[in-house]
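Please look over the sequence and the structure below. The report after them walks through the fold step by step.

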Amino acid sequence: MTDTRPIIAITMGDASGIGPEIIMKALAREDVYAMCRPFVVGDATRLREADAVTKTGLQVNALQTPAGAGYQRGTVDVIDLGIIPAGHPFGQLSALSGEGAFRYIERATRLVEAGEADAICTAPLSKEALHAAGHKYPGHTEMLAHLTGTPEVSMMLVAPKLRVIHVTTHIGLIDAIKKIEPGLVFRVIERGRATLVKAGIEQPRIGVCAINPHAGENGLFGQGEEEEKIIPAIRKCQANGWAVDGPLPADTLFFRAARGDFDLVVAMYHDQGHGPVKVMGLEAGVNITIGLPVVRTSVDHGTAFDIAGKGIADEGSLVEALKQAVGLAPKRVMQAA
């Protein structure tokens, strides 16, 4: 019988953080295997150490390719890169862990491009450790864009009752305002809308944040940024027949979206979008990179060095990220038995 469950490559993230622990906890759950065929790209030794602290009682099956994966609950299949030595400390910044985080993503990307996996789900990495290893990326999003040769991508955060896509992300606020322009705003809206249409929302309702308080209040606040940078993009969207409204004051837009008035909020800068999402559900938040040729979802939390190695990290966000990856992954319904 054909197995239509998508194959998901889970990257281990920063080995010094909670990534290995939440992976073991998630892969101990029956509901995860009911919806997908997961394997890990990481280090078998580290996963065994994570098993010891989480007491999940799972076997770790070290592989060189996904071909030998069994995808059975009770055994964690891992493409073992052999980077992290036994006893490597938890909870401490490490260039070696940063190198591992990069190489796990690199391998997972190539596996998806080769058709050996359908999507990538990433555990958290440390940007500081990544930089210490010589990989000068602001985060996963920019790294994946580089690895796939994608000139422009967007970050979408999903929490209970709220979806937010960002026009700018990992740059300072002054630089973000300079970068915002109608073409970029339009492309972000277009990418976000296309993702929701693919997910089954035929005509997504999209609310676009203003930059200034009260959406500028007809020129009272700001230097006319809404009129110059946002409104032309919204008019273009509306001319296409899309349900796009704005620019709207951010202080009320997120409330309205959580109430159900909008399917997607377009945030202009990092904290404008991240703050409300994390208030709505830090443990259940998911980060999706929009615009890549490969599907990628992620937890919406960090490495949590302060609790790493203690076995107490919550796997909820990773399980939600896996669910989102399953929903976005190419279907294998036509695959031969």
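## A covered strand and its sheet

In this predicted model, strand 11 (residues 286-290) is mostly covered, with five of its five residues buried. In a regular strand the side chains alternate between the two faces of the sheet. Here, Val-286, Ile-288 and Ile-290 point one way from strand 11. Asn-287 and Thr-289 point the other way. All of these residues are buried.

Which strands pair with strand 11? One is strand 6 (residues 154-159), which pairs with strand 11 in the antiparallel sense over five bridges. Ser-154 stands opposite Ile-290 of strand 11. Another is strand 12 (residues 295-299), antiparallel to strand 11 over four bridges. In that pairing, Arg-296 of strand 12 is the bridge partner of Thr-289. Strands 11 and 12 form a hairpin with four residues between the strands. In this hairpin, Gly-291 takes a positive phi near 110°.

Now for the whole sheet. Strands of a sheet pair through backbone hydrogen bonds, either parallel or antiparallel.

Strand 3 pairs with strand 4 (residues 75-80) in the parallel sense, over five bridges. Within strand 4, Asp-77 is the bridge partner of Asn-61.

## Helices on the sheet and on each other

Helix 1 (residues 19-26) and helix 3 (residues 44-54) meet at an angle of about 70°, with their axes 8 Å apart. Helix 1 and helix 3 are therefore roughly perpendicular to each other. Helix 1 contributes Pro-20, Glu-21, Ile-23, Met-24 and Lys-25 to the contact. From helix 3 come Arg-46, Leu-47, Ala-50, Asp-51, Val-53 and Thr-54.

## One buried leucine

Leu-162 has its place in strand 7 (residues 162-166). Is this residue buried or exposed? Leu-162 counts as buried because its relative accessibility is 4%, and the cut-off for buried is under 20%. Leaving out residues up to four places away in sequence, Leu-162 touches Leu-157, Phe-254, Ala-257, Ala-258, Val-265, Pro-276, Val-277 and Met-280. The C-alpha atoms of Leu-162 and Ile-288 are separated by 13 Å, and the two residues are 126 apart along the chain.

## Rings and charges

How many aromatic pairs does a search of the whole structure find? The search finds two. The table lists them.

| Pair | Arrangement | Centre to centre | Angle between planes |
|---|---|---|---|
| Phe-102 and Tyr-137 | stacked | 6.2 Å | 10° |
| Phe-186 and Trp-242 | stacked | 5.6 Å | 10° |

Phe-102 is in helix 4 (residues 95-113). Tyr-137 is in the loop between helix 5 (127-132) and helix 6 (140-148). The pair links distant parts of the chain, 35 residues apart. Phe-102 counts as buried at 8% relative accessibility. Tyr-137 is buried too, with a relative accessible area of 15%.

In the other pair, Phe-186 lies in helix 8 (residues 182-198) and Trp-242 in the loop between helix 9 (225-239) and strand 9 (243-248), so the pair ties together parts that are 56 residues apart in sequence. Both Phe-186 and Trp-242 are buried.

Phe-186 also has a charge over its ring: the charged end of Lys-236 sits 4.2 Å from the ring centre. Arg-46 lies over the face of Phe-90, at 3.7 Å from the ring centre.

Most residues other than glycine have a negative phi, and most peptide bonds are trans. Tyr-71 has a positive phi near 55°. This tyrosine is in the loop between strand 3 and strand 4, and at 10% relative accessibility Tyr-71 counts as buried. Lys-161 has a positive phi near 75°. Lys-161 lies in the loop between strand 6 and strand 7, and at 66% relative accessibility Lys-161 counts as exposed.

The peptide bond from Gly-246 to Pro-247 is cis, with omega near -5°. Pro-247 is found in strand 9.

Definitions and conventions: Residues are numbered from 1 along each chain as its sequence is written. This is a predicted model: local features need pLDDT of at least 70, side-chain atom pairs count only at pLDDT 80 or more; totals for chains, interfaces and linings use all residues. Side-chain values use heavy atoms; hydrogens and water are left out. Buried means under 20% relative accessible area, exposed over 50%, partly exposed in between (1.4 Å probe, protein chains only). Helices (H or I, at least four residues) and strands (E, at least two) are DSSP runs, numbered from the N terminus. Two strands pair if DSSP finds at least two bridges between them. Contact means heavy atoms within 4.5 Å. Rings of Phe, Tyr and Trp (its six-membered ring) pair if their centres lie within 6.5 Å; planes under 30 degrees apart count as stacked, over 60 as edge-to-face and the rest as tilted. A charge sits over a ring if NZ of Lys or CZ of Arg is within 6 Å of the ring centre and within 35 degrees of the ring normal. Axes are lines fitted to C-alpha atoms, for helices over the stretch in contact, and angles run from 0 to 180 degrees between N-to-C directions. Angles under 35 degrees count as roughly parallel, over 145 as roughly antiparallel, 65 to 115 as roughly perpendicular and the rest as oblique.
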